Amino acid sequence: MKIAIIGAGFGGMAAAYDLLKAGHRVVLYEAAEHVGGLASGFKEPHWEWSVERFYHHWFATDHHMLGLIRELGWEDQVLFPRPYTVLLHNGKWYPFDSILQALLFPGLGWGVDKVRFGLVGLYLRLTNNWRPLEKVTAEAWMLKWAGKRVYEKMWRPLLVGKFGPYYRQVPMSWFWARLKARTTRLGTFEGGFQRFADLFAERLREMGAEIRLSTPVTRIERDQASGLRVTERSGAETFERVLVTVSPAAMARLVPSLPKDYLQGLLALKSMGAVVMVLSLKHRLSEEGYYWFNLPKEAGYPFLALVEHTNFVPPEKFGGEHIVYAGDYLEEGHEYFSLSEGELLERFLPALRRFNPAFERAWVNKVWVFKTKYAQPVPQVNHSRHIPPIQTPIEGLYFASMSQVYPWDRGTNYAVEIGRRAARLMLGGSDR
Ligand SMILES: Cc1cc2nc3c(=O)[nH]c(=O)nc-3n(C[C@H](O)[C@H](O)[C@H](O)COP(=O)(O)OP(=O)(O)OC[C@H]3O[C@@H](n4cnc5c(N)ncnc54)[C@H](O)[C@@H]3O)c2cc1C
């Protein structure tokens, strides 16, 4: 078969891999000038490694991703250091990413709240039955089982940070998936995610794939006589099968001829965008060497997370520079999307002194800002009933996006999983 895949992120590339293995001809269309999608990276000429545009790491439970890397023969290039995630309490940072540290965290006192926190965490780690949990909001469930103090101190800030105005609508199943899949050790690829994406693209080319970079697709339609016509700026080409891996809103724009029900289902899916600033600094910011700072909105930081990448990957990989991310999940109309790099820097810089009082502007070598309108799907109560099927009502046309990996939260691991699931369906198999 002749197959087109729209998008050369990890979902599209994983699908291409299986379709090529099965002997089909695959053309990947990619709007950007590079592969890797949301997990792509960039590199200064004197850096040994690339830096992800949006902070990225793997968990030790990312079996689909790690399994694919093993199949490709590159498992010796996966690194799993042990960086530290911290939480703020009374103006001080406390490590908070293992059961032991959670038990030692002073923010919950030493009484019944800590016990409830521990029991709820244990239950969520042990149960596999997420279905009843999607019938209730995370807020209602947590208030009932973990109690007001635990919810307000620990879990509400996380929900508010990720989902902004939608935080009260998110089902408990999202929380279950989050706690289930997290590990303290975090992984990356030797050279950065972009090196892995480039190696993967190279392997696909060797297997016969054609990857058309800087080629945004503008329309997909079914032509009864010849198949599915994929149109881009310089022309159109027809395929027997097409897999689209863009956002639901972009899918609706690309294929307006989809039946009304399916289109409405796509447009009803909610998501948050993200704005992330990457700074190269002359000195280390976190003196304690922490990697990930969770920042509660009430503490008045102009961003949600501060991530010192070079406390995860050593600064020697970046010519001795210290790489820091400051990022936030935001609704589409948020003013950060329209601020220039300079304006955003003015907002963000004063907050850096809160991580290190010695910080001053002269520490900054260079700044980059990355923005995406589609960063984090927002699940709703009973979300499993609202996920659009991978196989669309148009014959031969398939759709696989971050919004369909529920109950799991988005991640490259699940992009690989849904990409491979879509490939199985396209080959006439089942989607399980
Ligand atoms: C802020 C942030 C932090 C994250 N952190 C992590 C993390 O720590 N670990 C992790 O595993 N995951 C993380 N993720 C999620 C991860 O990046 C995604 O789940 C994954 O990359 C999605 O892959 P995909 O192939 O489904 O989609 P994408 O990567 O979005 O790929 C879709 C591709 O389609 C292309 N495209 C769009 N429109 C067109 C068009 N019209 N024509 C042609 N091409 C088009 C895009 O350019 C893109 O390359 C994070 C994401 C964000 C935003």
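A residue is taken as near a molecule or strand if its C-beta atom, placed from the backbone, lies within 6 Å of it. The structure shown is a predicted model, in which local features need pLDDT of at least 70 and side-chain atom pairs count only at pLDDT 80 or more, while totals for chains, interfaces and linings use all residues. Residues are numbered from 1 along each chain as its sequence is written.

**View 1. The shell around the ligand.** Of the 36 residues around the ligand, G7, G9, G11, G37 and A415 come nearest. At least two residues of this shell are supplied by each of α1 (10-21), β15 (270-281), β19 (364-378) and α12 (412-426); helices (H or I, at least four residues) and strands (E, at least two) are DSSP runs, numbered from the N terminus. The shell divides by class into 20 nonpolar, 14 polar and 2 charged residues. In this division Ala, Val, Leu, Ile, Met, Phe, Trp, Tyr, Cys and Pro count as nonpolar, Asp, Glu, Lys and Arg as charged, and the others, Gly among them, as polar.

View 2. β15 is largely enclosed by the rest of the structure, because 10 of its 12 residues are buried. A residue is buried if 20 or more other C-beta atoms lie within 10 Å of its own, exposed if 12 or fewer, and partly exposed in between, with C-beta atoms placed from the backbone. β15 pairs with β19 in the antiparallel sense over 11 bridges, and V275 has K371 of β19 as its bridge partner. With β18 (residues 322-330), β15 pairs in the antiparallel sense over 9 bridges; here the bridge partner of S280 is I323. Two strands pair if DSSP finds at least two bridges between them.

**View 3. The open sheet β11-β12-β13.** Three strands form this open sheet in the order β11-β12-β13, with antiparallel pairing. β11 (217-223) and β13 (235-239) are the edge strands, each pairing on one side only. From one strand to the next the twist averages 20 degrees. Strand β12 (residues 227-232) runs antiparallel to β13 and is joined to it by 5 bridges, and T231 stands opposite A236 in β13.

**View 4. Packing of helices α4 and α7.** Helix α4 (residues 112-126) packs against helix α7 (residues 172-181) at an angle of about 85 degrees, and their axes are 8 Å apart. Axes are lines fitted to C-alpha atoms, for helices over the stretch in contact, and angles run from 0 to 180 degrees between N-to-C directions. The angle therefore makes α4 roughly perpendicular to α7, a term that covers 65 to 115 degrees, whereas angles under 35 count as roughly parallel, over 145 as roughly antiparallel and the rest as oblique. G121, L124 and R125 of α4 make the contact with F175, W176, L179 and K180 of α7. The residues of this contact comprise 4 nonpolar, 1 polar and 2 charged.

**View 5. The surroundings of A201.** A201 lies in helix α8 (residues 193-206) and counts as buried, with 21 C-beta neighbours inside 10 Å. Leaving aside neighbours within four places in sequence, A201 is in contact with A8, M13, V35 and I211; contact requires that the C-beta atoms of two residues, placed from the backbone, lie within 7 Å. H34 is 167 residues from A201 along the chain, with 9.8 Å between their C-alpha atoms.
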